[in-house]
Amino acid sequence: MVENNTEWLPHLSSEIVSDAHGNLLDAYAVSLEGWRRGLKLRWHVKDSEKFSDMYTWFVDRPGQLFSLSSKDKTHYFFRTRGDKVSNEAVEIGKDKERTKQALMKAGVPVPEGRQFSGEETNETITEYASAIGFPVVLKPTDGSFGRGVISNITSAGEFEHSLGYLRTELNEPNVIVERYIPGNEYRIYVVGDQVVGAINRIPPNVVGDGVNNIKTLIEEKNEERSLNPRLVSCPVSLNQESLDFIGRKGYTANTVPEKEEQVFLSDKTNISLGGDPIDVLDELPIKIKDIAVNALKAVPGLDHGAVDLIMPPAHLNKEAGYVIELNPTSQIGGILYPMKGKPRDVPAAIIDYYFPETKDITFNKTKTYFDFHDVLDPLRARDVDITTVTPSPSGEIHAKKYTVIGNVQELGYHRGLRKQAFERYLHGFVMNLENGDIDVVVAGTDPEMVDDFKNALWEDEERAQVVEVQESIYEEPIKVGFEVKADLKTQIEELKKYRQELEVTEYDLKKAEKENRKYLKSLSWKATMPIRMMGAIFKRFK
């Protein structure tokens with residue numbers, strides 16, 4: 001099994017990005033980098049401001065559209081893609097045939113092949129596959145996330161079966177046929193003229209220990225992946241497709257592989273399908289980096305993005321590598337959180353490109369972050385179209401942890417401490433300890449206010465009996481704002497209390513409605529109706 005790398009970039013630790021897994025991770029990482037540099041960060045709903053003209057998709061739920069502003073300019077971002085990447089470049093990147101034509105025109109090596117429309121017959125397509133020579137790759141024109149991609153097809157019969165599967169069962173009439181290029185597959189991220197990250201994407205696999213079967217090895221590997229901020233949302237699946245794949249090699253889910261024996265579960269390298277990202281930036285040949293940079297230059301307006309490339313064994317092909325896809329809106333989680341190797345700071349490279357004047361701003365890069373859920377809540381509730389994040393503290397951060405001993409776990413006391421923190425322009429949290437004490441962490445740019453907060457811990461004698469306060473320097477990252485982290489028991493009790501109050505309110509409301517209906521039907525109400533009508537007429541004339 002590939003050794004898990006837990007030494008992430010310190011300013012993008014698991015704790016900091018814990019609220020931004022899945023497709024929110026990329027946007028959060030890039031926005032956080034700009035926010036920490038003092039740029040104004042705003043989150044947007046679909047079609048607000050410049051996003052009405054920017055090509056986006058699947059953004060009905062907030063969390064992927066944001067803008068960053070300095071005094072002089074504003075740039076808009078969809079996930080990792082900023083507004084310097086044109087809509088035309090995105091359109092070309094999504095169309096595999098247009099991408100290939102642009103690459104070929106620029107002299108960038110691509111696998112031999114062509115696209116076929118739904119009007120062309122299976123016989124015509126099969127004849128073309130035979131003409132370029134097996135093995136070949138067959139894929140739909142929109143093969144996002146590896147869907148429908150079938151590689152290393154070695155015969156006309158196998159090709160006909162695969163083509164029927166794509167066109168009939170997957171309902172993908174438009175297909176691409178390409179010569180199969182053996183070799184390692186890489187995702188290379190380019191910003192301007194520089195390669196800033198590169199991973200080797202290895203298909204889903206397990207490594208035997210001589211004891212456990214494949215099913216158990218997958219479960220163990222998924223436990224390992226759950227510790228990775230990118231891979232936690234991309235477990236290895238033991239589905240029918242993977243069972244069929246290993247079945248062709250004589251394995252079943254109950255097979256026990258030999259020790260150190262690597263068993264591949266698919267030939268698709270997508271991280272989202274269980275592939276392993278392995279950092280290779282330092283060992284990537286210069287020729288491959290040059291191909292990646294030239295591939296982006298081949299598409300006007302594609303200032304940054306990812307290049308998917310296959311590097312074949314040197315003795316099999318004359319080219320150093322073949323570009324198979326361009327990704328203007330690429331995910332970068334595999335580069336930030338590889339299973340092996342160094343994480344690469346792609347968000348920093350992107351912000352450098354859009355706001356070069358902020359390159360030297362390094363205040364609090366590892367110290368501060370913001371609550372992603374709190375920022376997005378007003379957008380999710382559709383209360384507003386844009387939310388602005390509280391600015392990152394500007395200056396050196398001073399932080400202390402106060403352990404408060406005594407009868408101090410009342411929630412009202414904690415909320416009072418939050419008010420005291422806000423009055424001193426401090427950030428942090430209060431958290432219950434199992435022994436009945438509490439930890440209070442406060443941080444700010446004014447060390448005197450941090451020290452003065454110790455006095456606030458003693459002031460609320462009605463709701464807390466403080467016996468002792470211990471203090472220490474706090475080195476961990478600080479979330480902007482002040483959070484009351486009540487323990488689970490307290491939260492459950494609070495929830496029960498709110499539910500009881502709600503039940504009482506609903507009962508009183510039903511009782512009032514019942515009394516109202518009863519009164520409307522009463523003789524006195526009916527008898528006084530003429531008087532009320534005359535009064536209403538009098539008020540209208542008056």
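Start with helix α4, residues 122-132, in this predicted model. Which of the residues of α4 are buried? They are Ile125, Thr126, Tyr128, Ala129 and Ile132. These five span an arc of only 155° around the axis, so they sit on the same side of α4. Now look at the face turned away from that buried side. Glu123, Glu127 and Ala131 are there, and they are exposed.

What covers the buried residues of α4? The cover includes two elements listed as β5 (113-116) and β6 (136-140). It also includes α5 (156-169) and β8 (175-179).

Move on to Gly133. Gly133 follows α4, and its phi is positive, near 95°. Gly133 lies in the loop between α4 and β6. Buried or exposed? Gly133 has 18% relative accessibility, so it counts as buried; the cut-off is under 20%. Thr154 is 21 residues from Gly133 in sequence, yet the C-alpha to C-alpha distance is 8.9 Å.

Where does the lining come from? At least two residues each are supplied by α11 (372-380), β17 (386-388), β19 (427-432), β22 (478-479) and β23 (482-485). By class, the lining has eleven nonpolar, five polar and six charged residues.

That's my part. Over to you.

Conventions. Residues numbered from 1 in each chain as written. Predicted model: local features only at pLDDT ≥ 70, side-chain atom pairs only at ≥ 80, totals over all residues. Heavy atoms only, no water. Helix = DSSP H or I, 4+ residues; strand = E, 2+ residues; numbered from the N terminus. Nonpolar A, V, L, I, M, F, W, Y, C, P; charged D, E, K, R; others polar. Buried < 20%, exposed > 50% of the residue type's maximum accessible area, 1.4 Å probe, protein only. Arc of directions from axis to C-beta. Contact = heavy atoms within 4.5 Å.
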